[in-house]
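This report walks through one structure, from its domains to its ligand surroundings, a sheet and a few loop residues. Please keep the sequence and the 3D view at hand while reading.

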Amino acid sequence: MKKPFIDRVRISVSAGKGGNGCISFRREKYEPRGGPDGGRGGSGGDVVIEASDQVGGLTGFYYQPLLRAASGGSGGGQKKTGRGGADLVRPAPLGTVIRKAATGELVADLVEEGQRVILARGGRGGKGNSSFATSTNRAPRISQPGEPGEEGDFELELKILAEVGLVGYPNAGKSTLISRISRARPRIAPYPFTTLAPYPGMVEDPEGVREPITVADIPGLVEGAHRDVGLGHLFLRHIERSRVLLFVIDMAGVDGRDPFDDYHHLQRELKLHLPELLSRPFLIAANKMDLEPAAEKYRRFLTRTGLAPGRVFAVSALKEEGLKELVRALFRLVPEQALPSSEPAVPDPGPAPESAGRV
Ligand SMILES: Nc1nc2c(ncn2[C@@H]2O[C@H](COP(=O)(O)OP(=O)(O)OP(=O)(O)O)[C@@H](O)[C@H]2O)c(=O)[nH]1
Ligand SMILES: [Mg+2]
């Protein structure tokens, strides 16, 4: 069975415990009462999340929500430090936002390949008895236990990073469009709700000058999505960070709807999800222009919306007509700079403050 696409998951992490310090005394041939030589325990491993463009969703965390790093080894004689516990490093897709489960506080926003965040630090190893020798106590019989590793619960949420987000009714031709302008190959079928998970595709600059832009295909949106009709509206989080929205509207009214009503309902649902989506720059792909009733409905659509011609592109995704002009316009509209994160990133909380109890 195909694994479900998971874009929100809660995980529990615990870093490794530090190893215990060792109590030991030197034993050498002509030195019957050698000094203390117990070494310190090794530190516990950290739990680390690393951004990677090799993973698509958070499914891995869904199946393994408990992340536990290895403990440090105990110290040994001859002042040997215990071995350090290995860090546990797990990859997460670009666009993953990490928050503390209890408070919702933002911990990290993974926007760059290789970006790392430590969710829990391993405990420090305890000191061995060699560290406790003083001029008055030359043979201490004390050592420290290792410190426990940090623990915590976190919420991971994927918000795909795509410059352009596709918005449209089911069956409008979003997946067909992305399959014609990029190398993405999502499923296409003549029934609604074919696309169940967001799907990014890279679109090349037709002029060959700019870096490719990412376009995200998402499930179809219907009237009432904010009340959970259809697939609901939560998947709209994947276009929250898009610079440009591309509405894909079926001009032929294949499912018996009217293009103007569709556009109106789409806008309403966007607004109910996140009002600022309505102030994003947008273009409209007036799709299925190869079908008979489209030309007439297209004219009416332009009149009723009053949109400037430069915003609306009459295309046939299926027949690949009008797509070059649309892609050029997208490149003109998407600013050149990198995608911003939607929130201030706190990639690494930095070293934990020394607590008073530490020796
Ligand atoms: N005639 C015609 N049919 C098209 C065109 N674009 C898409 N279709 C057809 O419309 C149907 C739906 O296409 P999809 O690309 O799966 O639509 P979608 O918007 O991704 O649909 P969901 O994933 O269900 O939201 C398929 O049968 C396509 O072949 C077009 O330009 N002209
Ligand atoms: Mg689709």
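## Domains and basis of the model

The C-alpha centres of domain 1 and domain 2 are 48 Å apart. The protein chain is divided into domain 1 (8-158) and domain 2 (164-333), with bounds that come from an automatic or database domain assignment.

This is a predicted model, in which local features need pLDDT of at least 70 and side-chain atom pairs count only at pLDDT 80 or more, while totals for chains, interfaces and linings use all residues. Residues are numbered from 1 along each chain as its sequence is written, and chains are lettered from A and ligands numbered from 1 in the order in which they are written.

## Around ligand 1

The shell around ligand 1 holds 24 residues, of which Gly173, Ser175, Thr195, Gly220 and Leu318 come nearest; a residue is near a molecule or strand if its C-beta atom, placed from the backbone, lies within 6 Å of it. Helix α2 (residues 174-181) gives the most to this shell, with 3 residues, where helices (H or I, at least four residues) and strands (E, at least two) are DSSP runs numbered from the N terminus.

By class, the shell has 11 nonpolar, 10 polar and 3 charged residues. Here Ala, Val, Leu, Ile, Met, Phe, Trp, Tyr, Cys and Pro count as nonpolar, Asp, Glu, Lys and Arg as charged, and the others, Gly among them, as polar.

Strand β1 (residues 8-14) runs parallel to β3 and is joined to it by 3 bridges, and Ser12 stands opposite Leu66 in β3.

## Loop residues

Most residues other than glycine have a negative phi. Gln78, in the loop between β3 (66-68) and β4 (88-93), has a positive phi of about 55° although it is not a glycine, and Lys288, in the loop between β13 (282-287) and α4 (294-305), has a positive phi near 65°.

Gln78 is exposed (12 or fewer other C-beta atoms within 10 Å of its own, C-beta atoms being placed from the backbone), because 11 other C-beta atoms lie within 10 Å. Lys288 is buried (20 or more by that count), because 28 other C-beta atoms lie within 10 Å. Gly75, also in the loop between β3 and β4, is buried, with 31 other C-beta atoms within 10 Å.

Technical notes: Two strands pair if DSSP finds at least two bridges between them.
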